[in-house]
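This report describes how one protein chain is folded. Please look at the sequence and the structure before reading on.

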Amino acid sequence: MIVAGGIGLAPLRPVMYHILAEREQYGKVVLLYGARTPADVLYRRQLEQWRSHLDLDVFVTVDQATDQWRGSVGVVTKLIPRANFDPGNTLAMVWGPEVMMRFTTMELEKRGVPTDHIYISMERNMKCAVGLCGHCQYGPIFICKDGPVFRYDHIQHLINKWEL
Ligand code: FES
């Protein structure tokens with residue numbers, strides 16, 4: 001399962017390419033993507049192409065629709081209960097704004113996805129990128145040096161604290 005919010009889809013696009021190139025290596029694939037408005041939806045042509053694959057489930061939603069929008073409206077987490085997947089046998093990659101990842105991981109947990117099957121990508125202001133300046137510090141960890149991708153159970157105690 002791939003859950004992307006906003007520009008979080010950009011780093012996950014290569015993941016989709018890889019999955020498609022090695023399709024037989026993977027089971028069910030679900031992509032959930034949320035953007036702020038229809039104008040903010042990234043890679044429209046690609047999303048349409050992926051949607052046309054019979055062996056991919058692709059859902060797109062926007063927070064604020066326009067008159068022309070015919071798709072889902074609401075935050076990306078609302079798509080999780082609608083998606084059909086086997087929670088105990090799912091690996092999830094969640095990329096997007098911190099608040100979106102916080103609520104997405106909560107929803108995935110609610111569906112029964114084990115926390116050690118969820119990966120998130122943290123972003124912070126970085127400067128040195130080698131663990132010296134402290135700009136990217138998140139509690140006891142440095143995003144630049146220890147991440148930016150974390151297994152959720154390794155960072156869960158931090159992500160559920162606001163304003164860290
Ligand atoms: S960017 Fe300087 S410590 Fe991470």
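Two strands count as paired if DSSP finds at least two bridges between them. In this predicted model, strand 2 and strand 3 meet that condition, with 6 bridges in the parallel sense. Leu 31 gives one example: its bridge partner in strand 3 is Val 58. Between strand 2 and strand 3 the chain passes through helix 2 (residues 44-51), and this β-α-β crossover is right-handed.

Strand 3 also pairs with strand 4, again in the parallel sense, over 2 bridges. Here the bridge partner of Val 62 is Val 73, in strand 4. The table lists these two pairings.

| Strands | Residues | Sense | Bridges |
|---|---|---|---|
| Strand 2 and strand 3 | 30-35 and 57-62 | parallel | 6 bridges |
| Strand 3 and strand 4 | strand 4: 72-73 | parallel | 2 bridges |

In a regular strand the side chains alternate between the two faces of the sheet.

The protein as a whole has 5 helices and 9 strands. Along the sequence they follow the pattern β-α-β-α-β-β-β-α-β-β-β-α-β-α.

Of the 164 residues, 25% are buried. Among contacts between residues at least 6 apart in sequence, 63% join residues at least 24 apart.

Key
Residues numbered from 1 in each chain as written. Predicted model: local features only at pLDDT ≥ 70, side-chain atom pairs only at ≥ 80, totals over all residues. Helix = DSSP H or I, 4+ residues; strand = E, 2+ residues; numbered from the N terminus. Right-handed = clockwise from strand over helix to strand, strands pointing away. Buried ≥ 20, exposed ≤ 12 C-beta atoms within 10 Å, placed from the backbone. Contact = placed C-beta atoms within 7 Å.
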